Amino acid sequence: MTRVSVPTIDDGRPRTDALLHAERLCAARGVRLTPLRRRVLELVQARTEAVKAYDLLAQLSTEDHAAKPPTVYRALDFLLEQGLIHRVDSLNAFVSCDHPGSPHAAHLLLCTRCGRVEELHDAELDAVIARAATTGGFRPSRARLEVQGLCAACAAQEAPLKPRA
Ligand SMILES: [Zn+2]
Ligand SMILES: [Zn+2]
C-alpha cells in the first residue's frame, strides 16, 4: 500500500482535511491563519459538541501557546468572521462549520443528551423566515435557528417514534 504524504503542522502532527481546507480558504482570501488561530480551530473541529471559550483556554494553557483570554477571543472572532466556526448562542459556545467557503444561515440542531451539534441547511426554511420576517417591513440581517432535541443516535436509544397515522 502506498502512503500519500500528509502535510503536517510545525510539530509534525498530521493536518486533517478540514484544517487543510481552512488553510486554503484563508490563503485564497489573503487572511492569516496564525498558529494560535489554527490551533483554536483545530480544537473546535476535534469535537462534535460545542466548545466553550474557557475550555479552549484551559486546553491551550497546557500547550506552548501564550493564550491569554483576549487573544483567544480575538482568534474566535476571526474564525467566526471567516465562517470557519459558528457560535451556538443558547450555549455560549462554538462549533466548527461543516462546509466553510459558501455563505449559509447555519441553523443548528443541538442534541440535549450527548451534546452533538449538527448544521441544518434548508433553502426553503431560509425563504420562509425571510418572507415572514419582512412582511411588516422588518429588515432582517441574520436569522439562525437553534433546534434542541435528540440526535439520530440518541433518538435510536429512545422508544421508537410511532408511525404517523
Ligand atoms: Zn456552517
Ligand atoms: Zn445525541
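Two strands count as paired if DSSP finds at least two bridges between them, and strands (E, at least two residues) are DSSP runs numbered from the N terminus. The views below show a predicted model, in which local features need pLDDT of at least 70, side-chain atom pairs count only at pLDDT 80 or more, and totals for chains, interfaces and linings use all residues. Residues are numbered from 1 along each chain as its sequence is written, while chains are lettered from A and ligands numbered from 1 in the order in which they are written.

**View 1. Strands β1 and β2 form a hairpin.** Here β1 (residues 85–88) and β2 (residues 93–96) run antiparallel, joined by 4 bridges. Look for histidine 86, whose bridge partner in β2 is valine 95. Between the strands lie 4 residues, and asparagine 92 in the turn has a positive phi of about 50°.

**View 2. Strand β2 is covered on both faces.** In a regular strand, side chains alternate between the two faces of the sheet. Ala93 and Val95 lie on one side, Phe94 and Ser96 on the other, and all are buried (20 or more other C-beta atoms within 10 Å of a residue's own, with C-beta atoms placed from the backbone).

**View 3. Strand β3 has one covered face and one uncovered face.** In residues 107–111, Leu108 and Leu110 make up the covered face, whereas His107, Leu109 and Cys111 make up the uncovered one.

View 4. The β3–β4 hairpin has 5 residues between its strands, where glycine 115 takes a positive phi near 85°.

Notes: A residue is buried if 20 or more other C-beta atoms lie within 10 Å of its own, exposed if 12 or fewer, and partly exposed in between; C-beta atoms are placed from the backbone.
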